[in-house]
Amino acid sequence: LEGDNVVVDGNDLDGDNEVVDGSGLEGDNVVVDGSDLGGGSEVVGGNDTASIIDEAQPEVVTDCHDNWSDLKYAVEYRPLNHIGSLYFKICPNSTLDASSGPIVIDYDYVTVQCGNNGQKSDNCQIVGGFVHFHIVGKATEIELAGLRMSSSKGSSIIAASSKDATLKISDCEWMANSGASAVLIRSNATVDASSVTGILDISSMLDSSEAGMSVTMSGVGFMQNVLTYGTVVNVGGSLSIDKGRFNGNEIRIGDIAVMESGELFISYSCFDESASMVPGTIFIDDTSFLQENVNTFGFDNTDGGFDNGLSCTDIFIVAVGSDCSTGVNCNGTCTTFTSKTCPLDVASLPTITPGGTDEVVGGGTDKKDTPSTEYVRSKNPQDKPSVVPVVVAVLVCSFIVFGLGFIIFKRKRKKPASESAFQGDLAEVDVEDSL
């Protein structure tokens with residue numbers, strides 16, 4: 001209409017204004033999906049007030065996305081100079097094809113979730129591609145919620161941010177992924193974003209001298225994944241899993257592998273029908289730490305592709321100086337899971353003392369003295385049925401049988417004697433009568 005104006009889907013009446021989906025009346029303003037009446041302000045999704053910016057309220061960028069490329073663009077090309085959290089929603093009951101490349105997150109306070117509540121029951125599926133999410137730089141306070149991820153060819157999630165960064169994963173599941181892992185924690189891990197058929201070589205990443213980020217998982221599931229390394233691989237980071245279910249995964253080094261001074265906190269989690277080559281459904285190398293092992297359960301897991309017959313289907317802690325890459329010199333301690341039933345399959349979770357039974361396997365020695373929590377052979381008498389009641393019952397029964405036998409025997413001994421005396425008395429009476 002007049003002046004150096006930019007008008008998009010709106011009316012600009014006067015001044016050097018930029019208007020997007022709204023009306024700009026005066027001033028050097030930027031208006032997005034709302035009305036700006038004056039001042040040098042930025043408005044996102046509504047009216048401009050100072051309190052919105054100052055309080056840094058969570059910001060929903062759009063209603064929801066049902067296309068991977070659109071979601072990728074929205075996350076990576078976020079609103080400039082945003083303050084506070086950004087929430088990106090995937091539309092319920094949608095399937096997003098991730099073959100165009102991973103979503104790279106390099107800034108803080110980002111949440112990608114399914115629907116309004118971040119629940120996997122809303123059925124948001126991410127399929128295909130080499131990597132789904134790649135967290136890099138110093139990005140922290142990242143959250144993924146309610147997502148179903150499948151068919152990745154490298155690693156569904158690569159958490160490559162720095163030591164002080166955090167990633168929270170809740171109510172997500174991974175099914176039928178191939179490649180090296182479902183989740184990889186390793187500082188500065190790089191990947192070819194355009195690759196869809198390459199190989200992710202985790203073995204080459206085991207020389208990391210930098211500590212990895214902290215990843216917490218809750219209510220997660222990993223089912224029927226076929227992977228060349230491990231289901232969840234932690235290289236130098238801090239990994240916490242609560243209420244995790246691992247079922248039917250085929251891996252080389254454990255459903256959980258902790259390497260290069262990493263640490264693991266595991267609780268209320270179940271492992272069944274997992275098959276690995278090296279010992280341990282959970283594998284802890286000789287530099288890493290099992291910090292917590294509470295209410296864990298395993299059933300029908302298998303291992304042992306090594307010729308020396310070394311076997312552990314629970315938690316395997318590698319002995320100091322041992323090498324389990326080939327099995328030639330693989331020694332360590334097998335620490336048992338701590339629950340007799342899967343805590344996820346019962347109405348109320350049992351309370352069980354942390355720790356399990358340690359058994360040295362492969363001719364090795366116990367794990368080196370570390371600041372990690374020690375788990376020693378259980379001395380709890382409840383772990384085995386008591387023999388005391390059985391012994392007492394046997395003694396009582398023996399006493400009763402012996403007593404009855406003794407009484408019967410005495411009665412039989414006394415009866416002939418009394419009969420003889422009675423006959424003798426009769427004889428004496430006959431003699432006297434005859435006299």
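Mentor: Let us start with Ser187, which sits in the loop between strand 20 (181–186) and strand 21 (214–218); helices (H or I, at least four residues) and strands (E, at least two) are DSSP runs, numbered from the N terminus. This is a predicted model, in which local features need pLDDT of at least 70 and side-chain atom pairs count only at pLDDT 80 or more, while totals for chains, interfaces and linings use all residues. Residues are numbered from 1 along each chain as its sequence is written, and side-chain values use heavy atoms, with hydrogens and water left out.

Trainee: Why is Ser187 called buried?
Mentor: Buried means under 20% relative accessible area, exposed means over 50%, and partly exposed is in between (1.4 Å probe, protein chains only). Ser187 has 2% relative accessibility, and therefore counts as buried.

Trainee: What makes the pair of Ser187 and Glu210 a polar contact?
Mentor: The term asks for a pair of N or O atoms within 3.5 Å, where, within protein, one must be able to donate a hydrogen and the other to accept it, and residues adjacent in sequence count only if both atoms are side-chain atoms. The side chains of Ser187 and Glu210 make such a contact at 3.5 Å.

Trainee: How do you know that Glu173 and Arg148 form a salt bridge?
Mentor: A salt bridge is a side-chain nitrogen of Lys or Arg within 4 Å of a carboxyl oxygen of Asp or Glu, and between the side chains of Glu173 and Arg148 the N to O distance is 2.6 Å. This pair links distant parts of the chain, since Glu173 is in strand 19 (residues 173–175) and Arg148 in strand 16 (residues 147–150), 25 residues apart. Glu173, at 13% relative accessibility, counts as buried, whereas Arg148, at 22%, is partly exposed.

Trainee: Which label does Asp345 receive, buried or exposed?
Mentor: Asp345 has 53% relative accessibility, and so counts as exposed. Asp345 also forms a salt bridge with Arg245, with the closest N and O atoms 2.9 Å apart. The whole structure holds five salt bridges.

Trainee: What makes the link between Cys270 and Cys342 a disulfide?
Mentor: A disulfide is a pair of cysteine sulfur atoms within 2.5 Å, and the S to S distance of Cys270 and Cys342 is 2.0 Å. Because Cys270 lies in strand 27 (residues 263–272) and Cys342 in the loop between strand 31 and strand 32, the pair ties together parts that are 72 residues apart in sequence. Both Cys270 and Cys342 are buried.

Trainee: Why is the disulfide of Cys324 and Cys330 called right-handed?
Mentor: The torsion about the S-S bond of Cys324 and Cys330 is about 85°, so this disulfide is right-handed. A search of the whole structure finds five disulfides.

Trainee: How do you know that Cys172 is in no disulfide?
Mentor: The nearest cysteine sulfur to that of Cys172 belongs to Cys114 and is 9.2 Å away.

Trainee: What is the mean pLDDT of the protein?
Mentor: The mean pLDDT, the predictor's confidence in each residue on a scale from 0 to 100, is 75, and 62% of the residues reach 70 or more. Over residues 415–435 the pLDDT is below 50, and beyond near neighbours in sequence this stretch has zero contacts in the model, a contact being heavy atoms within 4.5 Å. Where pLDDT is low, the predicted coordinates should not be read in detail.
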